[in-house]
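This report walks through selected features of the structure shown below. Please keep the sequence and the 3D view at hand while reading.

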Amino acid sequence: MTISHPLTGTLSQMPALAELFRLFLSGKHLNRLAEPALWAELEQQEDSYTALFVALGFDLRLDARGFAWFHSGEANSNIGKASRQLALLFMVIFDAQSNAGKALQRFTDWLIDSDWLSEVYKQQQELLDAEGLHPDALQDHLVRACNLGFAVAEPNGWRLLPAVCRYLDHFEGLALTAKDDSDEASPVADEDTALEITDDGEKD
Amino acid sequence: MRLSREFAVLTSDQVLNSIARVSAQADVEAQGAVLRALVNANILQTLPRSSDLQLNAYVLEFVRGLTREHELGLAAVLQARVIAIREATEVLNEGMAEADMDRVRSAANKLAELFRQISLQLDQDRHALLELAENAKSADSSMPISQRYRRVLEAYDQYVEPMNQMMDTGPQGTFYHYLEDAEHALDLGLERLSVQGVLYSHRLQLRQVAHQAKELRRFGRLVAQQCADTLLPLREELRQHNVLSSAISLLLGQVRKRGLRRALSRYTDNTALPVWRNERGFKLQLGDEVRMVMAAARAYQPQAVVFPQDEPSEAMQLLEHVEEAAIRAHLARSLPVEDLLDWLNSHYADLQDATLLRLFHDLQHEPDWQFEPAAHPVKTRLQTIRVLHHPHRVSTPE
């Protein structure tokens, strides 16, 4: 039986297809910095990969800053929670570096080790405790970030990868919306404060 | 040379040390001799009221020219020279109007000198700016960003901005305008001089200066462009740094006040909290059974099935031809009948059950006959079904 599908020719030019698919499917981000060979192949055959993945029901996104991922609009609550905690982890890391006067755009240069992490924890202890992030949990989250392609483990610490830009973009977007809201003093903001009060009441 | 960048004034010990570094094999006495020779040649000058030494300014300038290590000049100096161009151009125009060749020549000389100085300064400034940017980029990234980029930002505000204003080709840009005026004046002068017929050397001089002016205009634009291209990305990096850090502190403040989930739940236009699918990679292995199915599928031979030609059609019976008029006539002759269904069944047993029942119901609506149901139900067995019913007595009304 001969397969006379137009994809056949293309498939032979995609030797890393299985590896890429497995990587993206597990929710991981591909970073040019961490996996240059895979990235090069993906970039060369970008159209073929995108078309193939779309046919399989996946939305492959490539960012010019050097990372790619399977985009997913919604996720279950577990993943939402994990993502929020990662967001908080990145926030405290960036805030600490910003206080130290480091260039935030060069976050891929930073070496994050456990000593430094515990220092970050001390800086934001109240906030992190309130969200249930203890020093060990911070490290666990970094390990998780490694599995998702936001960071890479090194012999004595971790390094952030360009995929973190997805979080940074969102932070800027959120701050912008927050500023707009406070400028306009929109009813949404009022509603939020009302909710907040009832929440506090419940807690008491 | 390198020392002189860090210390404006050198002590004799410092100089001796650097001499020792350059020529290590020389003994102390020989090094002292070198120092004295330098001082005698006026390369090193002793400062008044102290025994400290300073590099001769001309030497310093010359060596900097060779190694392209310049300090960034002042935009104001450039501005002053640009204004001087305007004055020289006025003098040139006046000289032309009065046909005073001496004034024309001296004005042209002045312009040439100004052009030379300006292009020299532009070139030096360009190298100084490139070096600033390189230093900022290569500086230790653990150094606070504001400190690393302080000189770049200063250079941008104090030099590149005013430069850009000067180079602006619009009504604001002084440099471009004055230079253009000077160029016009020179071209016009050259033309009139060739019409009037003056010494060839005079015309040549004017023409050379005019060429210089054209070249300077091109070069000036180039330098301004290069400076902006070099410094803008750095400035942009700092700006983004500030945007990001303020965004993060704002968000952290919200998390503190409202909790993480609420702080991050706000809807934004273009961005979203990154989420991912939770699908672990799975493998689908086809069993050997599938191969057998495929083999069977490849060896498939369709079996020939003969279509039945003429079979007595059962379907015909669904629609029976019933001669209802005949049945009514028959029933009318047989009246009175004690049990209508029984009667139908006994006389027309070959009809289907459904047809028989339909007839049974239809006949009951006959207005000419009288129907009386019996008090007790009985069972009547038809072809395939058994019917429990009250027997209907049919008779003609009295």
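**Strands and pairing in chain A**

Two strands are said to pair if DSSP finds at least two bridges between them. The model discussed here is a predicted one, and in its chain A the strand β2(A) pairs with β3, which covers residues 67-71 of chain A, in the antiparallel sense over five bridges.

**A hairpin in chain A**

Further along chain A, strand β4 (residues 151-154) and strand β5 (residues 157-160) also pair in the antiparallel sense, here over four bridges. The two strands β4(A) and β5(A) form a hairpin, with two residues between them, and within this hairpin A:A151 stands opposite A:L160 in β5(A).

**Chain B as a whole**

How many helices and strands does chain B have? The chain holds 15 helices and six strands, and of its 398 residues, 35% are buried. If one takes the contacts in chain B with a separation of 6 or more, residues 24 or more positions apart account for 61% of them.

**Two packed helices in chain B**

Two packed helices are described by the angle between their axes and the distance between the axes. For helix α6 (residues 101-138) and helix α8 (residues 150-167) of chain B, the angle is about 145 degrees and the axes lie 11 Å apart, while the crossing of α6(B) and α8(B) is left-handed.

On the side of α6(B), the residues in contact are B:L122, B:D125, B:L129, B:L132 and B:A136, and they meet a set in α8(B) that includes B:R151, B:V152, B:Y159 and B:M163. Sorted by class, this contact of α6(B) with α8(B) is made of 10 nonpolar and two charged residues, with no polar ones.

**Salt bridges**

Over all chains, the structure holds 15 salt bridges. One of them joins the side chains of B:R217 and B:E183, with a distance of 3.3 Å from N to O. This pair links distant parts of the chain, for B:R217 lies in helix α10 (residues 200-258) of chain B and B:E183 in helix α9 (residues 174-196) of chain B, 34 residues apart. Are B:R217 and B:E183 buried or exposed? B:R217 has a relative accessible area of 18% and is therefore buried, because buried means under 20%, and B:E183, at 9% relative accessibility, also counts as buried.

A salt bridge of 3.6 Å, N to O, is formed by the side chains of B:D187 and B:K214. B:D187 lies in helix α9 of chain B and B:K214 in helix α10 of chain B, so this pair ties together parts that are 27 residues apart in sequence. B:D187 is partly exposed at 30% relative accessible area, and B:K214 is partly exposed at 36%. Within helix α15 (residues 353-364) of chain B, B:R358 and B:D362 are four residues apart and therefore separated by about one helical turn, and their side chains meet in a salt bridge of 3.1 Å, N to O. In chain A, A:D63, A:R65 and A:D169 are linked in a network of salt bridges.

B:Q254 lies in helix α10 of chain B and is buried, with a relative accessible area of 13%. Residues up to four places away in sequence being left out, B:Q254 touches A:A178 as well as B:G259, B:A263 and B:R266.

How values were computed: Residues are numbered from 1 along each chain as its sequence is written. Chains are lettered from A and ligands numbered from 1 in the order in which they are written. This is a predicted model: local features need pLDDT of at least 70, side-chain atom pairs count only at pLDDT 80 or more; totals for chains, interfaces and linings use all residues. Side-chain values use heavy atoms; hydrogens and water are left out. A salt bridge is a side-chain nitrogen of Lys or Arg within 4 Å of a carboxyl oxygen of Asp or Glu. Buried means under 20% relative accessible area, exposed over 50%, partly exposed in between (1.4 Å probe, protein chains only). Axes are lines fitted to C-alpha atoms, for helices over the stretch in contact, and angles run from 0 to 180 degrees between N-to-C directions. A crossing is left-handed if the near helix is turned anticlockwise from the far one by less than a right angle, and right-handed if clockwise. Contact means heavy atoms within 4.5 Å. Ala, Val, Leu, Ile, Met, Phe, Trp, Tyr, Cys and Pro count as nonpolar, Asp, Glu, Lys and Arg as charged, and the others, Gly among them, as polar.
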